[in-house]
Amino acid sequence: MTPQWELVSLPRWEMTAYWILSFSSHLYSFYQLHRFSEEHEVSLDREVQLERGFLIWGFKKDPTDFEWSFWNEWAWQSLLWSLIGHAVLSIFADNFLPQFRLAVITVYGFLSAGWLLGVRGLTVLMLHLSISLVVAQLRSPVLSWFCSLLLLSTLNVPALQDLQRGWYTSEDHYYLLLFSTAVCSLRCISFSLELCWHPLQAGRPNHCSHLEEKRLETLIFQFYKLTAYCFYHPLFYNGPIVTYRDFSEQIERPVYKVSVVYVLSGILRVCVWWCLAEFMIHFMYMHAIQSSETYLEMLPPWALGGLALALVQFFYIKYLVLFGAVSLLVRLDGLEPPKLPRCVSIMYSFTGMWRHFDVGLYKWLIRYIYVPLGGSRHGVFRKLISTALAFGFVCFWHGCHDYLQYWAVLNWVGVLVENSLALLFSSRPLHPIIVRFLSPRMQRRGLALISALSTAFLILSNLFFLGGIHVGRIFWKRVFVKGTMNTTEP
């Protein structure tokens, strides 16, 4: 029944009215949040030290989104220039050294990582690669998973964290190592499992049959492939995630020529997204506000809704910038990057959010966790376990903090409820009744009404992820418990 709802179109005037209502409510709630930001600018500046704005004259800037400030600083300091260097070197190698292009960009990625992370940081990464490869030689997916989870857990050991912090003069260098190692761990898992499942494709080139008799040469070849995959510079620090199967198939293909117009239009899009993100943190101090329970309790109803929308929209635009810039370089190398995130304002289900926001991570979870554990083809119980372990792994990979546990549980429950309702509405007793008494258009309107509740809980789960437990708790109290969203004085 769901496909019928999705295909039936509503009258144009009705769809236009919905779009106008949605767009105007977004703008009005953002305006109310802007007014609140202006009214409390002095106190917010005193608490979080707002920066002097540069994009909009007369406005200050909210710098408290760690991820945005972190990657912006690194981009202007070094990453932007190293990515440009990768593009130039890749084009040069493709034109003059096509047979050695992979080796050239691998060496460049390795040296670039060493330049920013230092010898000790590079040693940590090589230890992860080496241990994963050695364990993968046993061709046991269970052992590879156990090894990978053990290596991932070392990222949260306080003694090791303090040791690695001591290697650098700034905290930013440590976080760059932490993020790089976390993303690298996903690639190591991908390579190890592919090696366990398809040793010929992952381990040896078919045109070199003599390597089958030389174990050492095979191991060296595998290590080279793993290094090339993990140290591929555009995806090295922050993704998006590309599985080893996709990477190995695409990186060996001839590079198709990309027009100058395509490159310039891609750069222009990224610049527009970056300006839009900067405009948001000049116009609305949402991250500074969400860090304080006092301000969250003070927010008027429309401003509270604007804060929720602004937080999730900024997260979306941020990843359009982060993924969009490197995806452009990936296409120049002849690879097909994961699709960019879909706008969160048109997401109406937990399932859709997972499928269409971080597409690379979603495909990784499906291939290496959900399907191997049974997925939807081996009964309801296996599906419950597969989904729970997929969400559990994402929580563990992000650090397994308490707010992440709330977020993972809410997402798991949300997906289960949506799937249960889909089964209920398509079941034999209920489906004929719905088809008999409701027209296709009314069915779609009914789905929209049900999806409104799902959307509300989807936003709530994202607020736990983006703001922490205190943000989720206050939104739950003011929106879902009180319902009227009354303004509360501090």
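The model is predicted. An unreviewed UniProt entry lists seven stretches under "transmembrane region", from residues 74–93 through to residues 446–469. Helix α4 and helix α8 cross at roughly 100 degrees, and a cis peptide bond is found between Gly 239 and Pro 240.

**Spans annotated in UniProt**

- The unreviewed UniProt entry gives "transmembrane region" for residues 74–93, 142–161, 260–285, 305–330, 380–399, 405–425 and 446–469.
- In the model, residues 260–285 are 92% helix and 0% strand. The C-alpha atoms at the ends of residues 260–285 are 38 Å apart.
- Residues 380–399 are 90% helix and 0% strand. For residues 380–399, the distance between the end C-alpha atoms is 29 Å.

**Packing of α4 against α8**

- Two packed helices are described by the angle between their axes and the distance between the axes.
- Helix α4 covers residues 66–96 and helix α8 covers residues 171–197; their axes come within 12 Å and cross at roughly 100 degrees.
- An angle of 65 to 115 degrees counts as roughly perpendicular, and α4 and α8 are therefore roughly perpendicular to each other.
- On the α4 side, the contact is made by Phe 66, Phe 70, Trp 71, Glu 73 and Trp 74. On the α8 side, Asp 172, His 173, Tyr 175, Leu 176 and Phe 179 take part.
- The residues of this contact between α4 and α8 comprise seven nonpolar, one polar and two charged.

**The buried side of α12**

- Helix α12 spans residues 244–251, and its buried residues are Tyr 244, Phe 247, Gln 250 and Ile 251.

- Gln 313 is located in helix α16, residues 301–332. Gln 313 counts as buried because its relative accessibility is 10%, and the cut-off for buried is under 20%.
- Beyond its neighbours within four places in sequence, Gln 313 contacts His 26, Phe 30, Met 280, Cys 343, Val 344 and Ser 345.
- Between Gln 313 and Leu 97 there are 43 Å in space, C-alpha to C-alpha, and the two are 216 residues apart in sequence.
- Asn 462 is part of helix α22, residues 440–467. With a relative accessible area of 12%, Asn 462 is buried.
- Val 312, Met 353 and Trp 407 are in contact with Asn 462, leaving aside neighbours within four places in sequence.

**Backbone details in loops**

- The peptide bond joining Gly 239 and Pro 240 is cis, with omega about 10 degrees. Pro 240 sits in the loop between α11 (233–236) and α12.
- Gln 49 is not a glycine, yet its phi is positive, near 60 degrees. Gln 49 belongs to the loop between α3 (41–48) and β1 (51–52), and counts as exposed at 61% relative accessibility.
- Cys 400 is not a glycine either, and has a positive phi of about 60 degrees. Cys 400 lies in the loop between α19 (379–397) and α20 (402–426). The relative accessible area of Cys 400 is 34%, so Cys 400 is partly exposed.

Definitions and conventions:
Residues numbered from 1 in each chain as written. Predicted model: local features only at pLDDT ≥ 70, side-chain atom pairs only at ≥ 80, totals over all residues. Heavy atoms only, no water. UniProt positions renumbered as here; feature names shortened; annotations may be inferred. Helix = DSSP H or I, 4+ residues; strand = E, 2+ residues; numbered from the N terminus. Buried < 20%, exposed > 50% of the residue type's maximum accessible area, 1.4 Å probe, protein only. Axes fitted to C-alpha atoms, helices over the stretch in contact; angles between N-to-C directions. Parallel < 35°, antiparallel > 145°, perpendicular 65-115°, else oblique. Contact = heavy atoms within 4.5 Å. Nonpolar A, V, L, I, M, F, W, Y, C, P; charged D, E, K, R; others polar.
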